[in-house]
Amino acid sequence: MQKNILIIGACGQIGTELTYSLREKHGNEIVVASDIREGDQPLMDSGPFELLDATDYDALEEVVAYYEIEEVYLMAAMLSATAERFPMRAWNLNMNSLFNVLNLAREKKVSKIFWPSSIAVFGPNTPKNDTPQNTIMEPSTVYGISKQSGERWCEYYHNKFDVDVRSIRYPGLISWKTMPGGGTTDYAVEIYHKALVEGTYTCFLNKDTSLPMMFMDDAIRATLELMESDPEDIKVRSAYNLSAMSFTPEEIAERIQKHIPDFTIDYEPDFRQAIADSWPSSINDGKAQTDWGWKADFDLEKTTVEMLTQLKR
Ligand code: AKB
C-alpha cells in the first residue's frame, strides 16, 4: 500500500517544489501539504492542505493520525538573516518543530523523517575551501547554532531510538517558482528578478563573497534520492555535505551580463555580510557521493539560462 507523506512548511521556497515533485511521483492525494499559512492558488489546488503550526505537538499528531502519515518532510524554519533579528523565535521554531517530529518517530507514529540542515552549521574556524564532512564547526549565527544542535539531536535519536531520520546541509538554493525569505544567500535569486525587471541590482554582499549554491532541481533530486536510499547506505545520521557550485556576486553578475548585456550591479553590504563571511566558500560532498551516489547537474551557466528563461515567462 502507498504510504502517505506530510510536508510541513509546504508553502516555502523548498517546500513548494518538494510538494509538486512528491505529488508528481506518488499522486496528489498521497502527499499532504501543510503550513502555518496558505500558499499560492496552484499549490492549494494541487492536493490536500492543512493549516499547521509545527511547534504544536497535539495539532501535528492529529494531522498525522488523520491522514495515516508514514513519512514527514519538516521544511519549516526561520533562516539566517531573520533569525539574527528574532533569536528566541528562531530557536523555538527551529528546535521545537524538530523535537515534535523526532518524538512522533520515536513513538512509532511515523516511520521516516527528512529534516534540512545547512552550510550554516559551519563557522569562522571551519576550513573555508572544500569544507570536509567532518571538521571544526562552531557556528556563529543563531540559525547555524540551531541547525548544528538539530544535527546532533537527529544523530542521537537515530542511535538511541532507531529513528530513521535523514538530512542534507543545503547550500544557498536558487529557484524561480517561490521566493526565498530571510536568508543570506537570497541575493542569488533576487538578482535574476531584478535583472529582468529593472536591469540593475544592489547586492547586500560584497562582490568577492564566494558561497556554495545549488539550483533547486538538484536540491529536490538530492532530497528524494537520499530518502529513497537503502537505510544501510545512510552512514551519516547528522546531515550530509552537498555541493554543486560556488560563486561570488561579481561572478553571477558577469554571467547574467552574457544574456542581458546592459545589466548593472552595485554593492551595499549590510549585516548579512558578517553571516556570509562566517560560512564556507566551497563544500566537499565526497561522502554523499560515496554513500548514496550524489552528483550535481546544474552549474552557474545552466542555472542562469534556466532562471532567465523561466522568469521571462
Ligand atoms: C540562508 O541563507 O539562511 C539559507 C541557508 C544557507 O541555509 N539559504
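1. Seven strands make up an open sheet with parallel pairing, in the order E3-E2-E1-E4-E5-E6-E10. Strands are DSSP runs of E with at least two residues, numbered from the N terminus, and two strands pair if DSSP finds at least two bridges between them. Strand E3 (49-51) and strand E10 (240-241) stand at the edges with a single partner strand each, so one side of each lacks a neighbour in the sheet.

2. The model is predicted: local features need pLDDT of at least 70, side-chain atom pairs count only at pLDDT 80 or more, and totals for chains, interfaces and linings use all residues. Residues are numbered from 1 along each chain as its sequence is written, and side-chain values use heavy atoms, with hydrogens and water left out.

3. Strand E1 (residues 4-8) pairs with strand E2 (residues 31-35) in the parallel sense, over four bridges. Within this pairing, Leu6 is opposite Val32 in E2.

4. The residues around the ligand (a heavy atom within 4 Å) are Leu79, Ser80, Ser118, Ile119, Tyr143, Gly183, Thr184, Thr185 and Trp279. This shell comprises four nonpolar, five polar and no charged residues; Tyr and Trp count as nonpolar and Gly as polar.

5. Polar contacts are pairs of N or O atoms within 3.5 Å. A ligand oxygen lies 2.5 Å from a side-chain N or O atom of Ser80, and a ligand oxygen lies 2.8 Å from one of Tyr143. For Thr184, a polar backbone atom is 2.7 Å from an oxygen of the ligand. The protein covers 93% of the 250 Å² of accessible area that the ligand has on its own (Shrake-Rupley method, 1.4 Å probe).

Notes:
A polar contact is a pair of N or O atoms within 3.5 Å; within protein, one must be able to donate a hydrogen and the other to accept it, and residues adjacent in sequence count only if both atoms are side-chain atoms.
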